[in-house]
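Reader: I am new to this structure and would like a close look at a single part of it. Please show it to me first.

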Amino acid sequence: AVQLEESGGGSVQAGGSLTLSCLVSVSLYSNSNYIGWFRQAPGKEREGVAVIDQRDLQRDEGTTHYADSVKGRFTISRDNGKKTVYLQMNTLRPEDTAMYLCAARVGGVWYGVYSPKSYNLWGQGTQVTVSN
């Protein structure tokens, strides 16, 4: 069964905005420690973009972490009722072009909040293309 399903990608001009959604299965949403957005451009390594701490689900807003490259432009958030994690992306740049993937961590070796190796389950991804 699909446990993470991304949507919302597309093509936009530089300076534009997109909102990505990651629908998470009920069990995974409750049992994950972190859910994050990652991206991978052709020929480049997968990198962490934004992560939300799922260990504090009693709060509507979880603790968040952002890569320096997106701070002030991207916002990660969640809707506990919809079991969905969002990535609001503003002031998009051509260098933001990549496949964006949602991932969840349930345990295992910890390589840091932004390392893909820390995450156990992945969605298929949604493409974001930003043009000049």
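Leaving aside its neighbours within four places in sequence, which residues is Met89 in contact with?

Author: The model is a predicted one. Once neighbours within four places in sequence are set aside, Met89 is in contact with Gly16, Ser17, Leu18, Leu20, Arg73, Phe74, Tyr100 and Val128.

Met89 belongs to the largest nonpolar core, which has 29 residues. Within this core, the residues with the most contacts are Met89 itself, Trp37, Leu87 and Tyr100. Several elements give two or more residues to the core: helix H1 (26-31) is one of them, and the strands include S3 (18-24), S4 (34-40), S5 (47-53) and S7 (74-79). Strands S8 (84-89), S9 (98-105) and S11 (126-131) also give two or more residues each. Another core, of six residues, lies apart from this one, and among its members are Tyr34, Phe38, Val51 and Tyr119.

From the N terminus, the elements run β-β-β-α-β-β-β-β-β-β-β-β. The radius of gyration is 14 Å, close to the 14 Å that the globule rule gives for 132 residues, so the chain is as compact as a globular protein of that length. Along its principal axes, the C-alpha trace spans about 40 × 30 × 30 Å.

Of the 132 residues, 46% count as buried. Among contacts between residues at least 6 apart in sequence, 57% join residues at least 24 apart. The chain exposes about 6600 Å², and carbon and sulfur atoms supply 47% of that area.

Notes:
Residues are numbered from 1 along each chain as its sequence is written. This is a predicted model: local features need pLDDT of at least 70, side-chain atom pairs count only at pLDDT 80 or more; totals for chains, interfaces and linings use all residues. Side-chain values use heavy atoms; hydrogens and water are left out. Helices (H or I, at least four residues) and strands (E, at least two) are DSSP runs, numbered from the N terminus. The radius of gyration is taken over C-alpha atoms; the globule rule is 2.2 Å times the number of residues to the power 0.38. Buried means under 20% relative accessible area, exposed over 50%, partly exposed in between (1.4 Å probe, protein chains only). Contact means heavy atoms within 4.5 Å. Accessible areas come from the Shrake-Rupley method with a 1.4 Å probe; for residues, only the protein chains shown count as cover. A nonpolar core is a set of buried Ala, Val, Leu, Ile, Met, Phe, Trp, Tyr and Cys residues joined through side-chain atoms within 4.5 Å.
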